[in-house]
Amino acid sequence: MKKLVVLVLVALLALAGCSSTADPSEPAGPPEPGTLRVLAGSELADLQPVLDEAAKATGVKVKLTFTGTLEGTQSLANGSLDGRYDAVWFSSNRYPAGIPEAAKRLGNQVKIMSSPVVLGLARSAAQRLGWDSRPVSWGEIAAAAGRKAFSYGMTDPSASNSGFSALVGVASALAGSGTAVDAQQITAVTPQLTQFFSAQAMSAGSSGWLSDAYQRRATGQDPGQKVDGLINYESVLLSMNAAGKLPEPMKLIYPSDGVVTADYPLTLLTSAGDDAHGAHQRLTDYLRTPDAQRRIMDTTQRRPVVPGVALGPQFVPRDLVELPFPATQPAVDALLSAYFNKIRRPSRTLYLLDTSGSMEGDRIEALRSALVGLTGADRSLVGRYRQFRSREEVTMLPFNTGPEPPRTFTVPEQAPEAELARIKAFAEGLQARGGTAIYDSLERAYQVMEPLAAKDPDRFTSIVLMTDGENENGGDLASFRSAFGSLPAAMRQVPVFTVLFGEGSGDELTQVATMTGGKVFDARNTQLSSVFQEIRGYQ
């Protein structure tokens, strides 16, 4: 029962109508004796019952603030965590360890638990492929993906460690050198990687939202096309099976040539004070006791890391081959650049942008700045990976009293600078005036997308709806709901990612996101540019 409660809490966090991440540069509160202020990956929300028990046993309270791996690494590297947090708790320190400015701020690291990134397939799909009873290599999985023999969802490698680990795992296995992949090897295996990622049908910025979206599609709650499986943490896949809400359980596929495993080091920052040092020691000592390790295993489906604690029967196989991880930022950059600009299916995104009179002043300037940042003007670590990418199709559709003429841009694979400059000029020319016709404009957005999707259907397609107010003109939510129900099946699978800004109606935007299989992002207390970057993980 407690396990079910934890899963429900995690699901509510993902569905809470807003992004689950926070701005890591914001303070987590002043230092308090006996309290560790920890910046953590959002998947660690399921650990709260264990931490509550740890607080009773050790007197150490953990104050968690959630963020993405890339955002957390950037904050670590630029020093904005110094004095604001005592520790970080990512699924792995491999990525920040490759960035000198981040690595030098990592202090004492204590591994608490582990979970490999593996492929989970609906049982019938695994049986259809013959993978339910014999070992399968990444190469065989890639070949089957290239034939579109199955489909899967995976998190964005720039937004979530599970996606990045999957990318590293399949690239390393296909390279077959036994060493960490480098730029030359990535180029050599790009055709096989392209095959593998041609079967990716879902993308997400967090492993929690991805698993929830998979379940909603599998049960018909979402209009999106059902997919055969997920690449995710073993712990997430086992938890989904344990919850018993899937139409059929997933068969976990452990590639015979190896996996990349998250080891969850609770890491003290070098800037932490003496009290935090003591709290970190007491807490990690407790979490590595046999009883706490068994509690973690039972509660979160993650593997124990302390010798002598027996694995539960759900962990098959018990011994795994670990694949090498790129040790330098240039190697990571090469892998991510190849993924976004050459390997993955390209994106098609329509930005439905509120330019009503209420956007006058700072709001329209924030909108211009957020869009310009996506054209490459933001050279931060996060900004580099979240900008518009080669081969991407971007449509801008401003609206106020009604929808204005759309304009579509296609970023070429080679020499994208000129097209990005045109997007930048368009964004800088946005002007605020008139009323707010949200739903007439959203209907228009689907009309604009339909011929584009029919002409080139093999793209990740989505709509971003940003508004700072309530609907004042044209049809209402009920009329849009009716129109949405009349759309062709392919268009009903296009999700709307809504952005709460200013006085936007959270209730109505949540209904739009839920109806279309999208997600609500909250920009009321976060910079709009950060929210637009976060959405990129879902496109």
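Arg386 and Glu71 join their side chains in a salt bridge at 2.9 Å, N to O (a salt bridge being a side-chain nitrogen of Lys or Arg within 4 Å of a carboxyl oxygen of Asp or Glu). Arg386 sits in helix H16 (residues 381-386) and Glu71 in helix H3 (residues 69-77), so this pair ties together parts 315 residues apart in sequence. Helices (H or I, at least four residues) and strands (E, at least two) are DSSP runs, numbered from the N terminus.

This is a predicted model, where local features need pLDDT of at least 70 and side-chain atom pairs count only at pLDDT 80 or more, while totals for chains, interfaces and linings use all residues. Residues are numbered from 1 along each chain as its sequence is written, and side-chain values use heavy atoms, with hydrogens and water left out.

**Salt bridges**

- The count comes to 28 salt bridges.
- Arg386 is buried, at a relative accessible area of 1% (buried means under 20%, exposed over 50%, partly exposed in between, with a 1.4 Å probe and protein chains only).
- Another pair is Lys111 with Asp263, whose closest N and O atoms are 3.4 Å apart.
- That pair links distant parts of the chain, 152 residues apart: Lys111 is in strand S4 (residues 106-111), and Asp263 is in the loop between strand S10 (261-262) and strand S11 (265-269).
- Lys111 is partly exposed at 46%, whereas Asp263 counts as buried at 15%.
- Glu392 and Arg536 meet at 2.7 Å, N to O, in a further salt bridge.
- Glu392 lies in the loop between H16 and S14 and Arg536 in the segment after helix H22 (528-535), so parts 144 residues apart in sequence are tied together.
- Both ends are buried: Glu392 has 2% relative accessibility and Arg536 has 0%.

**The six-stranded sheet**

- Six strands make an open sheet in the order S15-S14-S13-S16-S17-S18, with mixed pairing (two strands pair if DSSP finds at least two bridges between them).
- S15 (407-410) and S18 (519-522) are the edge strands, each with a single partner, so one side of each has no neighbour in the sheet.
- From one strand to the next, the twist averages 20 degrees (axes are lines fitted to C-alpha atoms, for helices over the stretch in contact, and angles run from 0 to 180 degrees between N-to-C directions).
- S14 (residues 393-399) pairs with S15 in the antiparallel sense over 4 bridges, and Glu393 stands opposite Thr410 in S15.

**Helices across the sheet**

- Helix H15 (residues 362-377) lies across S13 (347-354), S14 and S16 (460-467), at about 165 degrees to S13 (contact means heavy atoms within 4.5 Å).
- Helix H21 (residues 506-516) lies across S16, S17 (496-500) and S18, running at about 165 degrees to S17.
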